[in-house]
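Please find below my comments on the model under review. They are set out as numbered points.

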Amino acid sequence: MGKRLTDRFKEQLPLLLLGGISLASLALILFVGQAARRALPNGATSPGQGTTVSGAASGTSEALRLALQPPEIRQDLLQQMITSEQNTTDGELARYLLATDLLDQGQAAEALTTLGEEGQKSREEALTPYVLLKRGQAQILAGESPTSWNELLANYDTHGATAEARYELGKRDPAQWEALLAKHPSHPKAVEVALQQLKTGTSKDNLLLVAAHGLYRDEYEASLDRLTKEYGKELTPEQWETVGFGYWENLQYGKASEAYGKAPPSPTSLYRTGRGAQIANKKVVAIAAFQKLAKTYPNAPETGLGLIKLADSLPSKTALGPLDQVMKNFPDRAGEALLKKATILEKLKSPTSAKDARTSILSQHSDSEAASQLRLSRAHKAAEANDLATAQQLAEELVTAAPQSELAAEASFWSGKWAQQQGQTENARQAYERTLAQYPESYFAWRSAVMLDWNVGDFDSVRYLAPEVSLPQQREALPAGSETLQLLYRLGQDADAWSLWQTEFKNIQNPTVAEQFTDGVLRVGVGDNLDGIFMLTSLAWRDEPTEKAEYQKLKATPAYWQTVYPFPFSDLIQTWSQQRQLNPLLVTALMRQESRFEPKIRSGAGAIGLMQVIPSTADWIVGQLGESKTDLDTKLETPNENIKLGTWYLDYTHQEYSNNTMFAVASYNAGPGAVAGWVAKGYGDPDVFVKNIPFNETQGYVEAVLGGYWNYLRLYNPTINRQLAQFTAP
């Protein structure tokens, strides 16, 4: 009900990661939620990219298959495994998993018995530090002294598991907290200690520790402000770079610009100095930084992008110079620069030159995103003029010239639709099937499936479907991280895995593809869905051939899609969807788009929680339900209450528009009044209607929600998954 949640600015990631970025991808997206750095669960050396994991972490086992089952279902099965497989690795994994369940249930004595006697070695050596950690936790719970932690500290002094023990011991022995800060500075428990100590005094070292390792904390930005205010004159250029990165990650671009201006000179720091200032409306600073970037690093990839951004801050005539530089020195961005130049030439009343520039885009840079934009725009204009043959031809040219374009899925679908309208049944079928085969994750794949009469629901029927859902049975190894981390992750010990990863992930500002993938998966595991999903989807912006190949390989794994389209709050979604007669996958997709499943997130428009319900709307809904209006803001942060009210409103918007989901979803975003006005002007072809929604945000919202619904369907519904595999299988 608030403005739709979008992925962050692409400026978020280091430009060294991104390389070239298309003009369309670099459009400034308004992120209306809070910075969304959530406080995550608190709790080695990483093998890094290309890790080969040995032992149980790389294999399959019954214990790993049980790891994703609820504790109440797996308890007896784990006990049977321990008895029958007691001298095997599988039995050891079952023992550890059962012990953690018992600990969570407060059954200390049973957990200690399951973990084995003190001094007994774990048969799975990678888990030994955590066996010792859990044994000590069970001892404390049982009212005993945590003697197992003596062995942990003696033998695993710098291990992430030891940080957990030192945190607890430090509550009575301050020396243990000092050791925690010194030996495990990146561990979440060290960040917690630093923040606690900062409440009672100022410490430059603690502020620097938080700046380097506390990005996920709600107190993070305030800590950066305090560091720069109290110790700014003492910070080294490298420390300023850390501060700049932190502000950039928290979307504080003006502050990031100032910090990067004091960082060591580099293409990234100069670009971010300029771009941050530009976003903060500090034009003079932006121009100076972009010009310095071009002069100091004339051939750096960041310079090509910086020159294009520089043109945005200059008067029209002056802006042509930087764009000409881009066309001369950065051929991968020439199409983008030409398109911008054509727009400027039109403003300068040089239509012939503008036309020549656009012609050059199509002839000389046919595979560019700019060429794709031109072709698709012209195709739709031709279709509006009822020249369907030309429209279809332009769409086909786009798919042929730039099959990886962001617009190729749309062009492929419309080629099929325009062929169908001309009576070319076979050409239409081939275009729809190509869309499913080449762009299976797109909204237009769903529209193609509808056109091929698949049982996926159309705009007027999708709300009533109740698709079967089959969730994954076990996890596969991650591409980065130690064997211990792999085991924790595959055993479903997400909080421990994420905490350990904080000590292994050293390359935060410039991660490898494998590290960024692993980071995203682990973030989602602990409920940091906004950042976790972003980390995975933004891998698409890698431009180095080897990195692109690695991304494509990882994108084909179940872990990628299961992370990008997770299923939190599934029980609540199922309950309220059933009561409202709503397709639960549609509700899940809408919630994903609204909040990325962040229960307490708030938008700039004041919308709250999972389904982004505006308090005034909530007040009206509870009035309709005859319920108390007391403390609505707090209620809206409660998942059950938020989903109850959000699904009621989604049902209401469906009823307002005769159960047409396209109108209902558009109304959820833009409001009933706006949609009623659009409908009053004429409805006609639903696909044309969606394309012509006058609010760009709402048009994107409709496609994102229904595209999300399709992705949940194709990933988790066995029937559609098998049907789609006929086209996507290699």
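**Notes on the predicted model**

1. Ala212 counts as partly exposed because its relative accessibility is 29% (buried is under 20% relative accessible area, exposed over 50%, partly exposed in between, with a 1.4 Å probe and protein chains only). This residue lies in helix H11, residues 204-213. Ala212 and Val191 are 21 residues apart in sequence, and their C-alpha atoms are 9.6 Å apart in space.

2. This is a predicted model, in which local features need pLDDT of at least 70 and side-chain atom pairs count only at pLDDT 80 or more, while totals for chains, interfaces and linings use all residues. Residues are numbered from 1 along each chain as its sequence is written, and side-chain values use heavy atoms, with hydrogens and water left out.

3. The chain has 41 helices and zero strands (DSSP runs, H or I of at least four residues for helices and E of at least two for strands, numbered from the N terminus). Its radius of gyration is 27 Å, close to the 27 Å given by the globule rule for 730 residues, so the chain is as compact as a globular protein of that length (taken over C-alpha atoms; the rule is 2.2 Å times the number of residues to the power 0.38).

4. Along its principal axes, the C-alpha trace spans about 85 × 60 × 55 Å. Of the 730 residues, 57% count as buried.
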